[in-house]
Amino acid sequence: MPIYPHKIISKLPDVGTTIFTTMGQLAKAHNAIDLSQGFPNFEPDPELLALVAKAMRDGHNQYAPMGGLPVLREVIASKIKSLHQRTYDPEKEITITVGASQAIFTAITAFIGKGDEVIVFKPAYDCYEPAIAVNGGIPVGIQLNKADYKIDWNHFRSKITPKTKMIIINTPHNPSGTILAKEDMLELQKSLANTNIIVISDEVYEHIVFDGHEHESVSRFEDLAARSIICSSFGKTFHVTGWKVGYCVAPAALMHEFRKTHQFNVFCVDHPIQHALATYLQQPQHYLSLNGFYQGKRDYFLNALKGSQFTAIPAQGTYFQLLGFSNVSNEDDITFAKRLIVEHQLASIPISVFNMNGQDHKVLRFCFAKTHDTLERATEILQRI
Ligand code: PMP
Ligand code: GLN
């Protein structure tokens, strides 16, 4: 007689299927326009695809070095130096990862143990808390208010305890589309002075910031940089979310510890893709043009919604736009999002799933990383509601 599954004591008893899978499957079943999960519905640059094919033909088909391809790490270091004026040693302070998800999971696993508290701002991207919990840590949520999703730094300071080991920030922020300003980063830096708290800074949307604002990476702030593990992703920047290649940047002592876990977690990452990215990343216009590209899509989406019943505060970054629907329905956001798919063939993400205790702000998240035609059809549907 098999003893399983009866004897499984789950480490994650409250975790179910992610909202991205749930809404994506429902969208497919109803042939809906899918603005739910965040991914572009257009192709990456053919030049980048050609570089991957070339790397494969050139024979880069076996394991890559554990920390990542040296030349790719060097280009990342010079990108950070030129954008944020911080020098990282490519050999000891940069690691190539299986997307930002693995960087985040590995960083949490490397540093969080039983009873350690990790402060997380809610709504929060969904991969942080399970990673904390599975390692025995305790996620300490701070709910942001739906008017502007700004952080109240006094409230934040009141949540720091002797058990606080880590804090996770995310700018530009998924799902709210807000960014942290320089003043926020200085407040964070001040709050953490004289502590040993580690920061995970999720900067996957670092190259998608609008209206002339700058991305305030933790690497710009000396004391923050000294305690921070920056996680980023090529998936967002080069329209290749399915490649799952990203990177992690941290001072040598933190990175040394990170790699102890990383080498047994994945050891190394897709080799030909690293070769292609190393060449492609040497041309800054490939990432510097992204702000304007996505700002155009955000503006098209918002303009096409003028006069509709949905309310919006323009996203400051990311490729997500929140829309309030309280003028349209008083259903909870999950029910309304499902009805939008079933009755109107349009899929979005209800953001209550990222809030504390499923708080419902009557707000849905729409991904505008889509072709003009898709955005046109989606906004026509929203205008009719
Ligand atoms: N953090 C945030 C805020 C994200 O939106 C995503 C994208 N899914 C990730 C991390 C994970 O990135 P990746 O797909 O590179 O693992
Ligand atoms: N980052 C993507 C989003 O926020 C989701 C990726 C996933 O499905 N885990 O939509």
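The following questions and answers examine a predicted model of a protein chain.

Me: Into which domains is the protein chain divided, and how far apart do their C-alpha centres lie?
Reply: Domain bounds come from an automatic or database domain assignment. Domain 1 covers 19-44 + 288-384, and domain 2 covers 62-283. The C-alpha centres of domain 1 and domain 2 are separated by 26 Å.

Me: What area do domain 1 and domain 2 bury between them?
Reply: Contact means heavy atoms within 4.5 Å, and 29 residues of domain 1 are in contact with 33 residues of domain 2. Buried area is the accessible area (1.4 Å probe) that two parts lose on being put together, summed over both. Of the area buried here, 60% is on carbon and sulfur atoms, and the value is about 2800 Å².

Me: Which three residues supply more than any other three of the area that domain 1 buries against domain 2?
Reply: The three together supply 24% of the area that domain 1 buries against domain 2. They are Gln 316, Thr 318 and Phe 354.

Me: Which side chains meet in a salt bridge at 2.9 Å?
Reply: A salt bridge is a side-chain nitrogen of Lys or Arg within 4 Å of a carboxyl oxygen of Asp or Glu. A search of the whole structure finds 15 salt bridges, and the count between domain 1 and domain 2 is 1. At 2.9 Å, N to O, the pair is Asp 211 and Arg 298.

Me: Which element gives the most residues to the side of domain 1 that touches domain 2?
Reply: Helices (H or I, at least four residues) and strands (E, at least two) are DSSP runs, numbered from the N terminus. Two elements give two or more residues to this side of domain 1, namely strand 9 (320-324) and helix 14 (290-304). With 6 residues, the element that gives the most is helix 14.

Me: Which residue in strand 8 is the bridge partner of Thr 95?
Reply: Strand 2 and strand 8 (residues 246-249) pair in the antiparallel sense over 4 bridges. The partner of Thr 95 in strand 8 is Cys 248.

Me: Why is one side of strand 9 and of strand 11 left without a neighbour in the sheet?
Reply: These strands belong to an open sheet of 3 strands in the order 9-12-11, with antiparallel pairing. Strand 9 and strand 11 (349-350) each have a single partner strand, so one side of each lacks a neighbour because both stand at the edges.

Me: Which residue in strand 12 stands opposite Gln 321?
Reply: Strand 9 and strand 12 (residues 363-367) run antiparallel and are joined by 5 bridges. Opposite Gln 321 stands Phe 366.

Me: Where is Tyr 149, a residue with a positive phi, found?
Reply: Most residues other than glycine have a negative phi. Tyr 149 is not a glycine, yet its phi is about 55°. Tyr 149 is found in the loop between strand 4 and helix 7 (153-158).

Conventions. Residues are numbered from 1 along each chain as its sequence is written. Chains are lettered from A and ligands numbered from 1 in the order in which they are written. This is a predicted model: local features need pLDDT of at least 70, side-chain atom pairs count only at pLDDT 80 or more; totals for chains, interfaces and linings use all residues. Side-chain values use heavy atoms; hydrogens and water are left out. Two strands pair if DSSP finds at least two bridges between them.
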